[in-house]
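Could you walk me through this protein structure, step by step? I am new to reading models like this one and would like to know what to look for.

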Amino acid sequence: MPVVFEARIRKLCLSLPGTTETASWGHPNFTAGRIYAALENYHDRPSLCVLASPEEQSFLLQDEHCFVPPYVGNKGWIGVWLDARPSWALHARAAEAASL
């Protein structure tokens, strides 16, 4: 994962109230009472995965940078590919919504 993306996402998540970082399943997770975001690699592609409502998931999937991650996508999680220039506004909104 590009280090600059990881650092920027880490800074964004940790700026949200009550957020802490933990490591599990081989990658960083961000929690505020529960896990709401994770930096992961799927099929050798870096991604940010966040917990979303069904409505948010449907909306976000309209963006070509978003995907339904395996294993947790059916629980509302949404993934955002980080190997293309990411939309920081999209990442910020997704992380903020997920932490609420």
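Let us start with the sheet, then visit the aromatic rings, and finish with the cysteines.

Keep in mind as you look around that this is a predicted model. Begin with the strands: 6 of them form an open sheet, and their order across it is E1-E2-E3-E4-E6-E5. The pairing in this sheet is antiparallel. If you follow the order from one side to the other, you begin and end at an edge strand: E1 (20-24) and E5 each pair on one side only. What holds such neighbours together? Strands of a sheet pair through backbone hydrogen bonds, either parallel or antiparallel.

For a look at one pairing in detail, pick out E3 and E4 (residues 45-51), which pair in the antiparallel sense over 6 bridges. Here you can find alanine 38 standing opposite cysteine 49 in E4.

Now turn to the aromatic rings. How many aromatic pairs does the structure hold? There are 2 aromatic pairs. One of them joins tyrosine 42 and phenylalanine 67: their ring centres are 5.9 Å apart and their planes meet at 85 degrees, so this pair is edge-to-face. Tyrosine 42 belongs to strand E3 (residues 35-42) and phenylalanine 67 to strand E5 (residues 66-67), so the contact ties together parts that are 25 residues apart in sequence.

Phenylalanine 67 also forms a stacked pair with tryptophan 81, with 3.9 Å from centre to centre and 15 degrees between the planes. This pair, too, links distant parts of the chain, since tryptophan 81 lies in strand E6 (residues 77-81), 14 residues from phenylalanine 67 in E5. Put together, Tyr42, Phe67 and Trp81 form one aromatic cluster.

Phenylalanine 67 has a relative accessible area of 11% and is buried. Tryptophan 81 is at 12% relative accessibility, so it counts as buried, because the cut-off for buried is under 20%.

Finally, look for the cysteines. How many disulfides does the structure hold? The number is 0.

Conventions: Residues numbered from 1 in each chain as written. Predicted model: local features only at pLDDT ≥ 70, side-chain atom pairs only at ≥ 80, totals over all residues. Heavy atoms only, no water. Phe/Tyr/Trp six-rings, centres within 6.5 Å; stacked < 30°, edge-to-face > 60°. Helix = DSSP H or I, 4+ residues; strand = E, 2+ residues; numbered from the N terminus. Buried < 20%, exposed > 50% of the residue type's maximum accessible area, 1.4 Å probe, protein only. Disulfide = S-S within 2.5 Å. Pairing = 2+ DSSP bridges.
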